[in-house]
Amino acid sequence: MPNLAGSTVTVWSADPAALAAVKAHVAAPAAQSTGHGLRAWLHAVGEQRGRPRVRTTARAFSLEAVVPTGMSLDAWDGDRALELWGTSRPEEHSSLEHESDDRLVYELATAYSHPAEVFRALSAAHPSVVVHAVTTCESEYAAVAWYVRGEALDERELELDLTDEEWEEWDGEWDLPADWSFDAATARRLASG
């Protein structure tokens, strides 16, 4: 399994309708996945008997929903995904952790790196929202940025530089700068600017 980059993504807007539009945009529809090989054969047998054997998956935040690649997992192109999304694979998992009148907070895990291009595209598609993302990779880096109307603002990154002994002792917890936290006043200022 690859190192995972975990992102906390806060989408802020003074307009609840804009947040509802974002929520609908980022959610993957329950996708029918028959797979291949044995699963596809079982699916076909189930359909012949009038009982479809389909696995459905729903994602609160889908990279493919925001920036469609059209690629099948059976014919995946990691370089193309990296160019389109900023990460080489679809999300490992995602969840909507908090929802209020002025924000949505998602947790999102992706392979190796954060999907910066997806955050940029989401903010471009919804110009009345501000997207704030804080990402920590399991073993390499941490990053933060604000995304407004398709532009990344105040992008910062920290690299983990540990000795071999420190690696053995490290508990995986990052001590991030306080100014990396989401701040509603900053979001409001960026939205009006």
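Patches are made of residues with over 30% relative accessible area and no salt bridge, with like charges joined within 9 Å. Keep that in mind while touring this predicted model.

**Stop 1: the negative patch**

Select Glu 140, Glu 157, Glu 159, Asp 161, Asp 164, Glu 165, Glu 166, Glu 168 and Glu 169. Together they form a negative surface patch. Two elements each give two or more residues to the patch: strand E8 (151-159) and helix H6 (164-169). Which of them gives the most? H6 does, with 5 residues. Now pick Asp 164, which lies in helix H6. Asp 164 has a relative accessible area of 57%, so it counts as exposed.

**Stop 2**

Show the side chains of Asp 154 and Arg 156. They meet in a salt bridge, 3.1 Å from N to O. Asp 154 is partly exposed at 44% relative accessibility, and Arg 156 is partly exposed at 28%.

**Stop 3: other salt bridges**

The whole structure holds 5 salt bridges. Select Glu 99 and Lys 23 for one of them; their closest N and O atoms are 2.9 Å apart. This pair links distant parts of the chain, with Glu 99 in strand E4 (residues 93-99) and Lys 23 in helix H1 (residues 16-26), 76 residues apart. Glu 99 is partly exposed at 45%. Lys 23 is partly exposed at 33%.

Next, select Arg 103 and Asp 102. They form a salt bridge too, with the closest N and O atoms 3.2 Å apart. Arg 103 counts as partly exposed, at 22% relative accessibility.

**Stop 4: helix H7**

Select residues 184-192, helix H7. Which residues here are buried? Ala 184, Thr 186, Ala 187 and Leu 190 are. They cover an arc of only 155° around the axis, so they sit on the same side of H7. Turn to the other side of H7 to find Arg 189 and Ser 192, which are exposed.

**Stop 5**

Most residues other than glycine have a negative phi. Two loop residues are worth a look here.

Go to Tyr 112, in the loop between strand E5 (103-111) and helix H5 (116-125). Phi of Tyr 112 is near 65°. Tyr 112 is partly exposed, with a relative accessible area of 45%.

Finish at Arg 149, in the loop between strand E7 (141-148) and E8. Arg 149 has a positive phi of about 45°. Its relative accessible area is 36%, so Arg 149 is partly exposed.

Technical notes. Residues are numbered from 1 along each chain as its sequence is written. This is a predicted model: local features need pLDDT of at least 70, side-chain atom pairs count only at pLDDT 80 or more; totals for chains, interfaces and linings use all residues. Side-chain values use heavy atoms; hydrogens and water are left out. Patches are made of residues with over 30% relative accessible area and no salt bridge: like charges are joined within 9 Å, nonpolar side chains (Val, Leu, Ile, Met, Phe, Trp, Tyr) within 5 Å. Accessible areas come from the Shrake-Rupley method with a 1.4 Å probe; for residues, only the protein chains shown count as cover. A salt bridge is a side-chain nitrogen of Lys or Arg within 4 Å of a carboxyl oxygen of Asp or Glu. Lys and Arg count as positive and Asp and Glu as negative; His and the chain ends are not counted. The place of a charge is taken as NZ of Lys, CZ of Arg, CG of Asp or CD of Glu. Helices (H or I, at least four residues) and strands (E, at least two) are DSSP runs, numbered from the N terminus. Buried means under 20% relative accessible area, exposed over 50%, partly exposed in between (1.4 Å probe, protein chains only). The arc is that of the directions from the helix axis to the C-beta atoms.
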